[in-house]
Amino acid sequence: MPPIHHRRAAAACAAFAAAGALVLAGLPGTANARATPAPLPSPAGTAAVDRTSPEVLKAMQRDLGLTPAQAEARLVNEADAGAVAGALQIAVGRDFAGAWVQGRTSARLTVATTDASDVPAIEARGARAEVVRHSVGQLDAAKARLDRAARKAATRDAPVWYVDVRSNAVVVRAVHAPAAKALVSAAGVASSLVRIERTTQRPRPLYDLVGGEAYYMGGRCSIGFPVTKGTQQGFATAGHCGRAGTATSGYNQVAQGTFQASIFPGRDMAWVATNSQWTATPYVKGQGGQKVGVGGSTQSPVGASICRSGSTTGWHCGTIQQHNTSVTYPEGTISGVTRTTVCAEPGDSGGSFISGSQAQGVTSGGSGNCSSGGTTFHQPINPLLQQYGLTLRTTGGGDPGPGPGEPEPGGTWAAGKVYAPGDSVTYGGATYRCLQGHQAQVGWEPPNTPALWQAA
């Protein structure tokens, strides 16, 4: 969709200063900590607001209790926080213990480390430092052991576990505590790494739903994000909606396409290739049928705002609680999903999760509802794109450039390739390291995107 009028950028600047912006020293494209004027948003922060649909901003205001200025300030802060957190993750290395944003406008970034000597470097970037016992690497390894143990253990009564960087623990949510203790014991994970929380909720896949537009395959699910694979057009969706070879019809009951690949359980990802009657567009369906533009797939940090589009319940927003979550449905355990406070109901499966203009994932399942509140999980979009070699349709337009995995002349960076934090590339004779997970696209070359890449 066309960029939002530049008046929004000016409003974001004012809101940013009024809300108490992150002071980010020493990172290209961010405010200088020693500057005397009120700090202004970085280019990445301004772009985060300019590229965001008005419908997303309205939903954030409604569901997060924000004013228009606060919603814009929050997007600015979250864009800048992601870049700073990525740079600090590289700087502290194995000591890194996670990062998260807090506050109504996400103006406070906390970066955790296991080494007190890292505190000055963290604070020099304008972030709050927290010294903890366990690194993210240790917590991820413990969760991986739980994932392996869950393949042989019954986890219906301990349906959710995840790495919680804010409490520096692996949390197991259990309907019955003995089930959680049995899982931890079977995994051989030290009790000092785990916290057990009681829950009455049993998540389930959200069938019969539409995120952007409905599609049918014996039941009903939602298009997540339109994609391409070479010249083939199609869309990403949830794996539990269909298996390879399953035929689909569109919202209008016209023949549409066929599932090309699907994973469920284990993950919850799939993609559908469509026939020539259907065209992939860079939009998801918003409130009242409004089009919401998709600008890219930069993953947002824990604590960031996130919105979901579903045909059953429409637009709803909330925040990201944890990445790298495992959840047990009646059909089996799903790993690597993101847990959010956004509500959803049956009929919302497969639909789009988006932060600002950045695609986050496709709706998997959850618990609760949109009357009393709930928890919803989404399959992150970047692993899905990488798994199937897909390219997200975005509003960038112009020359499509190199295809997935095809390097830019003179370097290893390639448009269409999915990059994770810490990945290294070369471009224009220089080496860069990735700060935030995303799928590269033309215009996002490393020298042009200091929020995504840091010169090595």
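1. The side chain of R195 makes a polar contact with the side chain of E197, at 2.5 Å. A polar contact here is a pair of N or O atoms within 3.5 Å; within protein, one must be able to donate a hydrogen and the other to accept it, and residues adjacent in sequence count only if both atoms are side-chain atoms. R195 sits in strand β6, residues 194–198. Strands (E, at least two residues) and helices (H or I, at least four) are DSSP runs, numbered from the N terminus.

2. On the basis of the values: this is a predicted model, in which local features need pLDDT of at least 70 and side-chain atom pairs count only at pLDDT 80 or more, while totals for chains, interfaces and linings use all residues. Residues are numbered from 1 along each chain as its sequence is written, and side-chain values use heavy atoms, with hydrogens and water left out.

3. R195 counts as partly exposed, at 29% relative accessibility. The classes are buried under 20% relative accessible area, exposed over 50% and partly exposed in between (1.4 Å probe, protein chains only). Leaving aside neighbours within four places in sequence, R195 is in contact (heavy atoms within 4.5 Å) with D164, S167, A169, V170, V171 and V172. For S167, 28 residues away along the chain, the C-alpha separation from R195 is 9.1 Å.

4. How many disulfides does the structure hold? There are three, a disulfide being a pair of cysteine sulfur atoms within 2.5 Å. With the bonded cysteines numbered in sequence order, the pairing reads 1-2, 3-4, 5-6.

5. C221 and C241 are joined with an S to S distance of 2.1 Å. The torsion about their S-S bond is about -80 degrees, so this disulfide is left-handed. C221 lies in strand β9 (220–222) and C241 in the loop between β11 (232–237) and β12 (247–249), so the bond ties together parts 20 residues apart in sequence. Both C221 and C241 are buried.

6. The sulfur atoms of C307 and C317 are 2.0 Å apart. Here the S-S torsion is about 95 degrees, so the disulfide is right-handed. This pair links strand β17 (305–310), which holds C307, to strand β18 (314–329), which holds C317. C307 is buried, as is C317.

7. C343 and C370 also form a disulfide, with sulfur atoms 2.0 Å apart; its torsion of about 100 degrees makes it right-handed. C343 is in the loop between β19 (332–340) and β20 (352–355), and C370 in the loop between β21 (358–369) and β22. C343 is buried at 9% relative accessible area, whereas C370 is partly exposed at 22%.

8. Six aromatic pairs are found in the whole structure. Rings of Phe, Tyr and Trp (its six-membered ring) pair if their centres lie within 6.5 Å; planes under 30 degrees apart count as stacked, over 60 as edge-to-face and the rest as tilted. W413 and Y427 are edge-to-face, 5.8 Å centre to centre with 90 degrees between the planes. Y419 and W453 have centres 5.0 Å apart and planes at 75 degrees, so this pair is edge-to-face. Y419 belongs to strand β24 and W453 to strand β28 (453–455), 34 residues apart. Separately, ring pairs link Y215, F235 and F259 into a cluster.

9. T376, in strand β22 (373–380), is buried with a relative accessible area of 0%. The T376 side chain reaches the backbone oxygen of V342 at 2.6 Å.
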